[in-house]
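I opened this model to look up how its parts are put together, and I am keeping the entries in the order in which I checked them.

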Amino acid sequence: MTTKQGEAPAVVTSAVPGPGLLLAPGEVQEVLGAFVLAEPREAGEVAVALGPKEAALLADMPWPLRRAEWLAGRRVAKRLLLAAWRLPSARVEVLPLESGAPRVWVDGAPREDLVLNLSHTRGWAVAAVAPSAVGVDACDDADGPRLPRIGRRVFSEGEAVECGAHTSAQHQAAVWALKEAGLKLRLGGIFDPGARSVRVLSLSPAQVADPAMRVALLRLPSAAVAVAREA
Ligand SMILES: CC(C)(COP(=O)(O)OP(=O)(O)OC[C@H]1O[C@@H](n2cnc3c(N)ncnc32)[C@H](O)[C@@H]1OP(=O)(O)O)[C@@H](O)C(=O)NCCC(=O)NCCS
């Protein structure tokens, strides 16, 4: 999810609890063998120590909202790597692979044993790190109601009813996050293999049809977060 042009980041507090275990903002939580950290977005560009390759990428990034979300992602990722792996941020760079997926570099070398994924919404920046493949996605509850509009593209026959996708905006956000976390696990995008490839069976407990994928749902005050791992 990305921020819309001209809108300041905001955290909308919801009174309705959605599916998933509560995730405390700012606290590292272990889920499915991955460490997860979520932080509320701040307006504008946050301060974060960048390595030379990261600084060069940022210098080529003209759009203010893209710069802001990119920096928010780097900051939460580096804070997570410091907290969970004791890696000082000055030694770490989070650089994109050709697919766009983030790769951790430490002291100038890529770390295959440290898999990172991240997500940014209007309200939150979330990172997950694990010793092997991990996908994470956050979806603001405010964006959940967009799901019916893209339903034909993302749902298989009977899926939305079966998992109760449209029970509430929180459920819709949870479905969205699950599908995207699953796509990111496999380094996939929206067209290849596409959101239909992640069939959501149930939200409580979080379950997808692919027996090779394990998923978990977490709940922030105004967003759903999903984590996907290989089974
Ligand atoms: C990457 C993708 C899967 C999700 O992007 P998104 O939800 O728009 O944005 P998020 O903030 O959650 O995630 C973006 C981050 O994912 C990571 N990412 C990008 N491409 C990735 C890939 N191929 N695999 C894994 N992670 C990827 C990056 O770290 C990126 O942030 P950064 O560029 O600032 O480092 C996107 O390519 C996509 O396909 N979006 C689908 C949109 C949609 O309509 N989905 C409907 C699902 S119900």
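Entry 1, the two domains. In this predicted model I first took the distance between domain centres, and over C-alpha atoms the centres of domain 1 and domain 2 lie 22 Å apart. The domain assignment places domain 1 at residues 21–132 and domain 2 at residues 137–230.

Entry 2, the interface. I then looked up what touches what, and found 23 residues of domain 1 in contact with 19 residues of domain 2. Between them the two domains bury about 1700 Å², and 64% of that area is on carbon and sulfur atoms. On the side of domain 1, L23, L32 and W124 supply 35% of the area buried against domain 2, which is more than any other three residues give.

Which kinds of polar link cross between domain 1 and domain 2? I noted zero salt bridges there by the rule, whereas 12 residue pairs are in polar contact across the interface, with both residues at pLDDT 80 or more. The strands β1 (21–22), β2 (29–31), β3 (34–40), β7 (115–120) and β8 (124–130) each supply at least two residues of the side of domain 1 that touches domain 2. By residue class, that side divides into 15 nonpolar, seven polar and one charged.

I went back to L32, one of the three residues named for buried area, and located L32 in the loop between β2 and β3. Its phi is positive, about 50°, although L32 is not a glycine.

I followed helix α2 over residues 64–85, a run of 22 residues, and its span from first to last C-alpha is 31 Å, close to the 32 Å expected at 1.5 Å a residue. Just after α2, R86 takes a positive phi of about 55°.

The structure as a whole holds 16 salt bridges, and I looked up one of them in detail: E54 pairs with K78, with the closest N and O atoms 2.6 Å apart. This pair links distant parts of the chain, since E54 sits in helix α1 (residues 52–59) and K78 in helix α2, 24 residues apart. As a reminder to myself, side chains of opposite charge can pair when their charged atoms come close.

Last, I checked the bond joining S204 and P205, which is a cis peptide bond with omega about 0°. P205 lies in the loop between β10 (200–203) and β11 (206–208).

Definitions and conventions:
Residues are numbered from 1 along each chain as its sequence is written. This is a predicted model: local features need pLDDT of at least 70, side-chain atom pairs count only at pLDDT 80 or more; totals for chains, interfaces and linings use all residues. Side-chain values use heavy atoms; hydrogens and water are left out. Domain bounds come from an automatic or database domain assignment. Contact means heavy atoms within 4.5 Å. Buried area is the accessible area (1.4 Å probe) that two parts lose on being put together, summed over both. A salt bridge is a side-chain nitrogen of Lys or Arg within 4 Å of a carboxyl oxygen of Asp or Glu. A polar contact is a pair of N or O atoms within 3.5 Å; within protein, one must be able to donate a hydrogen and the other to accept it, and residues adjacent in sequence count only if both atoms are side-chain atoms. Helices (H or I, at least four residues) and strands (E, at least two) are DSSP runs, numbered from the N terminus. Ala, Val, Leu, Ile, Met, Phe, Trp, Tyr, Cys and Pro count as nonpolar, Asp, Glu, Lys and Arg as charged, and the others, Gly among them, as polar. The expected span of a helix is 1.5 Å times one less than its number of residues.
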